[in-house]
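Hi,

Here is the structure I promised to pass on. Have a look at it first, and then read on for what turned up.

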Amino acid sequence: MITLSKVSKVFSTKSLQSQPIKAVDEVNLTINKGEIFGIIGYSGAGKSTLIRMLNGLETPSTGSVVVAGNTISSIKGRNLRKARQEISMIFQHFNLLWSRTVHDNIAFPLEIAGVKKSERQKRVNELIKLVGLEGRENAYPSQLSGGQKQRVGIARALANNPKVLLCDEATSALDPQTTDSILELLVDINNRLGLTIVLITHEMHVIRKICHRVAVMEGGRIVEQGPVLDVFQNPAAQITKRFVQQVTEPAETKDTVDHLLENYPQGKVVQLTFVGENTESPLITKLIRNFQLDVNIVQGKISQTQSGSYGTLFIHMDGSDEEISRAITYIKEQQVGVEVISNAE
Ligand SMILES: Nc1ncnc2c1ncn2[C@@H]1O[C@H](COP(=O)(O)OP(=O)(O)OP(=O)(O)O)[C@@H](O)[C@H]1O
């Protein structure tokens with residue numbers, strides 16, 4: 001559905017002293033039809049520039065961008081406008097028309113596309129129902145909550161039946177509960193309409209909750225990409241590890257582990273990672289039964305992703321070195337990831 005080949009974007013700067021900025025650097029990416037694809041990175045990583053090249057709001061300096069069969073990077077004028085009807089976008093700050101009601105905001109793209117009034121009415125009613133805004137048709141954006149405003153944004157984006165929906169930090173201005181309800185709506189739309197969704201975010205929670213695949217951006221480059229569960233289980237780049245920690249480790253884990261290492265100099269603290277069915281296996285019971293070890297659970301968390309569950313568990317094992325090594329080998333044999341946090345000797 002979307003293919004980026006060697007896409008770079010360089011911004012020239014006004015001042016003579018400073019170098020041009022390479023916001024996007026040689027990005028290759030393929031996004032499949034019907035997929036929810038997340039691009040994560042910190043501020044300045046190049047995410048906005050990248051997503052804006054998908055609908056022609058920015059033109060690549062080099063490389064090509066193909067979306068739904070159209071080479072967005074090289075078409076202009078009428079052809080670009082036509083191609084853009086297949087690619088909608090929602091924004092962090094909603095970009096609604098403040099002097100128009102909910103109904104009229106949603107009807108706006110239909111008016112531009114020249115849809116007849118009776119059809120427009122029918123379509124707006126369908127969209128209002130789809131995004132759960134029944135009863136709010138005549139409200140103005142200023143009378144809506146943040147979540148409701150984003151629902152209007154989504155309905156408006158879907159009005160002309162696009163093939164691709166781009167989400168530019170669509171939940172970053174919302175509280176956690178509202179974020180979740182908007183993410184659930186996006187999953188629902190993806191399931192019902194088979195729409196391809198591309199989102200950019202700096203929150204791993206968003207990726208975990210709804211994306212099938214993820215790309216991690218740093219300094220304009222994609223440093224890692226893959227199915228969300230794989231990336232959670234085996235993050236390769238340092239930045240990816242930091243993002244994964246955002247959702248798998250409670251904030252207090254480091255303090256707890258430090259405390260343990262300090263107060264229990266014997267044994268080892270290990271981090272176990274479980275995927276899918278493994279999250280439900282009674283590994284700890286087996287460790288205690290089969291090995292001469294004391295096992296202390298430090299902290300643990302199971303997270304749900306679009307493709308299954310993912311769990312992390314920190315444990316402290318105390319016993320002879322030999323018994324601990326045997327236990328670690330046993331854990332690995334159970335297809336559970338194991339990383340020794342520190343060897344407290
Ligand atoms: N129009 C522009 N002119 C000059 N530099 C730009 C322009 N747009 C973006 N940049 C620069 O390109 C780099 C990438 O910016 P971009 O906005 O794409 O990153 P981002 O990951 O989306 O971050 P944020 O979430 O803060 O927007 C930054 O260094 C930014 O200052």
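To get you started: in which sense do β3 and strand β9 pair, and over how many bridges? The pairing of β3 with β9 (residues 213-218) is parallel and runs over 4 bridges. Within that pair, Ile39 sits opposite Ala215 in β9. Before going further, please keep in mind that this is a predicted model.

**The whole chain**

The chain has 12 helices and 14 strands. Along the principal axes, its C-alpha atoms fill a box of roughly 80 × 55 × 35 Å. Of the 345 residues, 36% are buried. If you take the contacts with a separation of 6 or more, 68% of them are between residues 24 or more positions apart.

**Strand β3 and its sheet**

Back to β3, which covers residues 36-40 and is mostly covered, with 5 of its 5 residues buried. In a regular strand, side chains alternate between the two faces of the sheet. Here Ile36, Gly38 and Ile40 are on one side, Phe37 and Ile39 are on the other, and all of them are buried. Strand β8 (residues 196-201) is also a partner of β3: the two run parallel and are joined by 5 bridges. In that pairing, Ile40 is found opposite Thr201 of β8.

Which sheet do these strands belong to, and in what order do its strands come? It is an open sheet of 6 strands with mixed pairing, in the order β6-β7-β8-β3-β9-β10. At the edges are β6 (87-91) and β10 (221-227), each of which pairs on one side only. From one strand to the next, the twist averages 15 degrees.

The antiparallel sense turns up between β9 and β10, which pair over 6 bridges. There, Val216 stands opposite Glu224 in β10. Helix α9 (residues 238-248) packs on the sheet and touches β3, β9 and β10. The direction of α9 makes about 120 degrees with that of β9.

**Around the ligand**

The ligand has a shell that includes Phe11, Ile21 and Ala23, along with Gly41, Ser43, Gly44, Ala45, Gly46, Lys47, Ser48 and Thr49. Which elements each supply at least two residues of that shell? They are β2 (21-31) and α1 (47-54). The largest share comes from α1, with 3 residues. By class, the shell divides into 4 nonpolar, 6 polar and 1 charged residues.

**Two domains**

The domain assignment gives domain 1 as 2-246 and domain 2 as 252-343. Taken over C-alpha atoms, their centres are separated by 38 Å. The contact between them takes 10 residues from domain 1 and 9 residues from domain 2. On the side of domain 1 that touches domain 2, α7 (204-210) and α8 (228-233) each supply at least two residues. With 4 residues, α8 gives the most to that side. That side of domain 1 has 7 nonpolar, 2 polar and 1 charged residues.

One more spot to look at is Gly153, which is placed in helix α5 (residues 146-158). Is Gly153 buried or exposed? Gly153 counts as buried because it has 26 C-beta neighbours inside 10 Å. Leaving out residues up to four places away in sequence, Gly153 touches Ile90, Phe91, Phe94, Asn95 and Leu96. Gly153 and Arg100 are 53 residues apart in sequence, and their C-alpha atoms are 13 Å apart in space.

Two of the residues that Gly153 touches, Phe94 and Asn95, have something to show in their backbones. Phe94 has a positive phi of about 70 degrees although it is not a glycine. Asn95 is also a residue other than glycine with a positive phi, near 50 degrees. Phe94 is placed in the loop between β6 and α3 (102-112), and Asn95 lies in the loop between β6 and α3 too.

How are these two covered? Phe94 is buried, since 21 other C-beta atoms lie within 10 Å. Asn95 has 13 other C-beta atoms within 10 Å, so it counts as partly exposed.

That is what I have for now.

Cheers

Methods:
Residues are numbered from 1 along each chain as its sequence is written. A residue is buried if 20 or more other C-beta atoms lie within 10 Å of its own, exposed if 12 or fewer, and partly exposed in between; C-beta atoms are placed from the backbone. Two strands pair if DSSP finds at least two bridges between them. A residue is near a molecule or strand if its C-beta atom, placed from the backbone, lies within 6 Å of it. Ala, Val, Leu, Ile, Met, Phe, Trp, Tyr, Cys and Pro count as nonpolar, Asp, Glu, Lys and Arg as charged, and the others, Gly among them, as polar. Axes are lines fitted to C-alpha atoms, for helices over the stretch in contact, and angles run from 0 to 180 degrees between N-to-C directions. Two residues are in contact if their C-beta atoms, placed from the backbone, lie within 7 Å. Domain bounds come from an automatic or database domain assignment.
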